[in-house]
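Hello,

Here is the structure I promised to hand over. My notes follow below it.

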Amino acid sequence: MQTSRARLRRPLLLAACAGATVAALAAGTVTSAFAATVFSDTFSDGDAAGWSKSGGTWAVADGAFTQSSTSSELARQFAGQTAWTDYQVQARVRPTGFGSSGALVGIAARASSSTKMYRLALLGSGRAELQAVNGSQITSLGSAAVGAATGTWYTLRIEASGSTIRAYVNGAQVGGGSNSLVGAGRIGLVTAYAAGSFDDVAVDSSVSTPTTPPTSTPPGSPTPTPTGTAPPPASWPTPTASVKVDATIGVSGTFDGAMKRYYGIGDGGQSESQDPMFELAAGATLRNVIIGAPAGDGVHCEGDCTLLNVWWEDVGEDAATFRGGTTYTVDGGGARSASDKVFQHNGPGTVHIRNFRVESSGKLYRACGNCSTSYQRHVVMDNVTATGTKVLAGINTNWGDTARFSRITILNDPNRSTRICVKYQGVPKGSEPKEIGEGADGVNCLYSASDITYR
């Protein structure tokens, strides 16, 4: 994410009760989620205060933390506290040079020393691997082909909860399992015979709240939204005022609409040539907005973006189109009357849709199947309620797209005709994608029956 470049450094000691939390998880008596941000660094202030170096040639440049030597056997930067136990660490990582196929650029969690840690590595071979590192002994906890192209940003995440360790690249799980090598430690940025850049480092702690036993979740499913998050509202908000819009509103930073209705662009139809109501620059946030009709092509995200409590009363062409960046978040709000689709994903990366309501629509999400560039795309849906909607997600399996679902509620569908995950064969621009299947498969469409509730 490239929103505010301000830095938050709050290395908060994670509660000593983590052991009890893990025990409760094993007993199925709590829902655990990574929720409280305890550390973050965007390097926008031009320094690396709070990080400790071990090898390599490091510098903060152009808003990122870089390691420029491909001849360093091991180059590491550590931050945080050695007492941290259950947490997730996420960062954007860009390899800029590999000295060999075994060279690596990545992040680390639970680093109890400079040579003992869990490491998620982008390898020169084009794979990502989750590793348990104990000196020269390296145990693989899973890997996947991700490309690992130099010059490309990837979002890497390691989740550590008790003995369970999982790793994700651009929202897709690449490894995970049970391992007890190390139970606590700092975070790290690491390279070996490789150069790379790091940005937007964030650490979220694990918090737990008593609740009913959780339903089973397939491997690779997203971490649930924190317990206590309100479900999607049952009714639509009443606008505080109406604003007629004659030209696209550009947004950089944050635009808070104070629950006003914005309308007036386009003809309300499906024409591909309509302008958007809002155009969000990289890192922008749109919040507390009701988009009325006509609304043209809704919202365009030109880079990473966040849509908080945004409502579409009558979707025209699309509600929102994600065009650039790597991480897009839709949190709260709802959309209805989308004859085709609500969210169109044209760029790379991952779209997160949570606490959202969709009604009377074709598809809630569609990964573009015939754009000029055939990216791998991912969507993660959690706490979504759907009524009268034909498809929740359409993805292109030949490009490695994934769709993950948890806490999905489908209303008024006694025949269970709502299709959860539809698979397509992506094609070059100018052709039409072909539908090739649907349903959970543990590879591209990730959910189990317990993740879907019909009412």
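Gln376 sits in the loop between β27 (349-367) and β28 (377-396). Strands here, numbered from the N terminus, are DSSP runs (E, at least two residues). This is a predicted model: local features need pLDDT of at least 70, side-chain atom pairs count only at pLDDT 80 or more, and totals for chains, interfaces and linings use all residues. Residues are numbered from 1 along each chain as its sequence is written, and side-chain values use heavy atoms, with hydrogens and water left out.

Gln376 is partly exposed, at 36% relative accessible area. The cut-offs: buried is under 20%, exposed is over 50%, partly exposed is in between (1.4 Å probe, protein chains only).

What does Gln376 contact, leaving aside its neighbours within four places in sequence? Pro348, Gly349, Trp399, Gly400 and Asp401. Contact means heavy atoms within 4.5 Å. Trp399 is 23 residues away along the chain, yet its C-alpha lies 5.4 Å from that of Gln376.

Now the backbone. Most residues other than glycine have a negative phi, and most peptide bonds are trans.

- Phe43 has a positive phi, near 60°. Phe43 is in the loop between β1 (30-41) and β2 (52-54), and is buried at 1% relative accessible area.
- Asp200 also has a positive phi, about 50°. Asp200 belongs to strand β15 (residues 194-210). With 10% relative accessibility, Asp200 is buried.
- Ala293 and Pro294 are joined by a cis peptide bond, omega about -5°. Pro294 falls in the loop between β20 (284-291) and β21 (299-301).

Best wishes

Technical notes
Helix = DSSP H or I, 4+ residues; strand = E, 2+ residues; numbered from the N terminus.
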